[in-house]
Amino acid sequence: TSSAEVKENRNIGNLEDHPVASTDRARGGTPSSKRKRPLEEGNNGHFCKLQLIWKKVSWSVTPKNALVQLHELKPGLQYKMVSQTGPVHAPVFAVAVEVNGLTFEGTGPTKKKAKMRAAELALKSFVQFPNACQAHFAMGNCISPSTDFTSDQADFPDTLFKEFEPSTHSEDFSVYKPVNNELLSTAYRHGRLLCHTLDLMGHAKPGKHRMAKAESEKNPVVLLNELRSGLRYVCLSETVEKQHIKSFVMAVRVDGRTFEGSGRSKKLAKGQAAQAALQALFNIRLPSHIPSRSKCHHLPQDFADSVYQMVAQKFQELTDNFTSMHARHKTLAGIVMTKGLDIRQAQVIVLSSGTKCINGEYINDQGLAVNDCHAEIVARRAFVHFLYSQLELHLSKRREDWERSIFVRLKEGGYRLRENILFHLYVSTSPCGDARLNSPYEITTDLNSSKHIVRKYRGHLRTKIESGEGTIPVRCHNAAQTWDGVLLGEQLITMSCTDKIARWNILGVQGALLSSFIEPMYLHSIIVGSLYHTGHLSRVMSHRIEDIGQLPASYRRNQLLLSGVSHADARQPGKSPSFSVNWIMGSTELEVINATTGKRTCGSPSRLCKHMFFTRWAKLHGKLSTRVPSHGEMPSVYSEAKLVAQTYQSVKQQLFKAFQKAGLGTWVKKPPEQDQFLLTV
């Protein structure tokens, strides 16, 4: 009953002459006390025949890349080299392919990656799933996700599915029509058997199949391993909470993306990570593993990818297809404005790049230098510039101008943002600080050697390294630096981007000056291109300050939506440039800032410096005096103007105390002398 019998049974016609061996029946998991012939009419012969074929059929699953899948679906496609841009050390290739009358263009650091990207875009236009078999499964065609039907599709006539369907709904197998042997033989010869055959074992309920039910009952780790074998899970953290309750964070890398999960045990955390991967990559959500409400919220992936593409395309346009010398960057950031989550009305309003901070010897006491030229921070300052322009637009005498403003006037005085207007920050890499410290560069890296160091400073406030890259934990206990100390050689301390974004989530992105005119404004989401870890981003930007207490009206603890991108560009190799660029909607070209001096390359102050903002604020002050105390005159000193927004200042102190109370360190301020300058028009 061994291989000889199996070879004989390869011809389906031979099944009528050979009995089923007892060893085969035991292997199939169906206990039997006596031997039965598969074609005896009293035993539902056609059912036994299918059962035997099911045991003999097997296939192996090898994940196919986009090029292979597209070739099998659309053979004979021609890929054309479109262009090669960028510097010699970091070229950018563009390859195009025409499918279904549409042209899809992919870019990448190599021709192979560009070709792969073009194939992925073409597949997404008509498949919408990583491969065709998963698309069939999700659409209810009940093809097992582990079965590949992307090739030789013509070998399966449409009638094949119909022949396997019951003619009427009944518990009695006798009402099922026998399967056409010729069609069944075709499927068998190709080593595939549709899961419709399994419905012969019981009553088929509309829209439900036993195979789908079996998949939904599987553990997510098991199911993910069947779809992508050989995965490795890494324990990113192990913390002890109140009453000695442990919490674990596990991560897994699938198809170039990192997914994390948390739980009271490593097993539960692995299940959450696997479930996140299944839902994001295969659109499979198991009901027994629904994420908990405490899990951070995610932005829809398609929307996040669209925001990234808009920012990248705008930067490409402003840098003459990346040929400009100022196209070189390590970190790119941008803010996109939308009405709701309608990407069709989205607008890129600011762009920026940069990774450096001002050198201490160039600190300016007239507010003419930009201290922090990291891309995220410059993007926020450019956004403040945009807000000033929108307030000025609202004060225009022309009706069409103030109707285009994003602000509406409040009855009690002041202004607020129009309903349903949202802002989304894109950053090409994780913000510096604790968010990047706990973002795995490679999920295969052994983190055990450094986990004790990481755990000691997890969530801790961190400062940037002057004239360099990277961050270190806050160590000084003084909340302010001294002007003389910095000029005598002490390093100028600047808080990390992670901590500043956490601050924006409480105080808003508008800053102290504008808070005397408008209500706090918050980012709706952050999209990170690479080196991101969603769980850590959520913790360091929101959950570190859960115990901040009750906040005044209009202020809140903002819960950002977080997301990565499906296909992030590779980080540019080489040394970080010493300049930062910024662009604001309405301007025609980029402004370039020398990150070391904090001024434009020509030596003049940037449009984003404190002095420029103070000048614009002073011009608005007289017109928007409804939010300013009537008994006070307009302050002439910058530091005093910031104190006009008293509620903002009290919430800021509440935030700093919350950091200290949580044992995360002291927020370090710049020397106060740099804000004590007079307004000069």
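How many helices and strands does the chain have? There are 23 helices and 21 strands, where helices (H or I, at least four residues) and strands (E, at least two) are DSSP runs, numbered from the N terminus. This is a predicted model, in which local features need pLDDT of at least 70, side-chain atom pairs count only at pLDDT 80 or more, and totals for chains, interfaces and linings use all residues. Residues are numbered from 1 along each chain as its sequence is written, and side-chain values use heavy atoms, with hydrogens and water left out.

**The whole chain**

Of its 681 residues, 51% are buried; buried means under 20% relative accessible area, exposed over 50%, and partly exposed in between (1.4 Å probe, protein chains only). The chain exposes about 33,700 Å², and carbon and sulfur atoms supply 50% of that area. Accessible areas come from the Shrake-Rupley method with a 1.4 Å probe; for residues, only the protein chains shown count as cover. Among contacts (heavy atoms within 4.5 Å) with a separation of 6 or more, 64% are between residues 24 or more positions apart.

Two strands pair if DSSP finds at least two bridges between them. Gln-84 has Phe-93 in β2 as its bridge partner. In the hairpin of β1 and β2, six residues lie between the strands, and Gly-86 takes a positive phi near 85°.

Strand β2 covers residues 92–99, and six of its eight residues are buried. Val-95 stands opposite Gly-106 in β3. The hairpin of β2 and β3 has two residues between the strands, and there Asn-100 takes a positive phi near 55°.

Next, select Leu-77, in the loop between α4 (66–73) and β1. Its relative accessibility of 23% makes Leu-77 partly exposed. Not counting residues up to four places away in sequence, Leu-77 touches Leu-70, Val-97, Glu-98 and Val-99. The C-alpha atoms of Leu-77 and Val-99 are 7.6 Å apart, although the two residues are 22 apart in sequence.

**Second stop: the eight-stranded sheet**

Which strands form the open sheet, and in what order? Eight strands take part, in the order β18-β17-β13-β7-β8-β19-β20-β21, with mixed pairing. The edge strands, β18 (561–563) and β21 (599–600), each pair on one side only.

Within this sheet, select strand β7 (residues 332–339) and strand β8 (residues 342–353), which are antiparallel and joined by seven bridges. Val-336 has Val-348 in β8 as its bridge partner. Then show helix α13 (residues 375–394), which packs on the sheet and touches β7, β8, β13 and β19 (579–584); its direction makes about 115° with that of β8. Axes are lines fitted to C-alpha atoms, for helices over the stretch in contact, and angles run from 0 to 180 degrees between N-to-C directions.

The structure holds twelve aromatic pairs. Rings of Phe, Tyr and Trp (its six-membered ring) pair if their centres lie within 6.5 Å; planes under 30 degrees apart count as stacked, over 60 as edge-to-face and the rest as tilted.

Select Tyr-308 and Tyr-426: their ring centres are 5.4 Å apart and their planes are at 45°, so this pair is tilted. Tyr-308 lies in helix α12 (residues 301–318) and Tyr-426 in strand β13 (residues 421–429), so the pair ties together parts that are 118 residues apart in sequence. Both partners are buried, Tyr-308 at 10% relative accessibility and Tyr-426 with a relative accessible area of 4%.

Move to Phe-656 and Trp-667, a stacked pair with 5.3 Å from centre to centre and 20° between the planes. Phe-656 belongs to helix α23 (residues 646–661) and Trp-667 to the segment after α23, so the pair links parts eleven residues apart in sequence. Phe-656 is buried, with a relative accessible area of 8%, and Trp-667 is buried at 6%.

Then select Phe-517, Phe-614, Trp-617, Tyr-638 and Phe-677, which ring pairs link into a cluster.

**Last stop: charges over rings**

A charge sits over a ring if NZ of Lys or CZ of Arg is within 6 Å of the ring centre and within 35 degrees of the ring normal. Select Tyr-79 and Lys-115: the lysine lies over the face of Tyr-79, at 4.8 Å from the ring centre. Finish at Tyr-233, where the charged end of Lys-270 sits over the ring, 4.9 Å from its centre.
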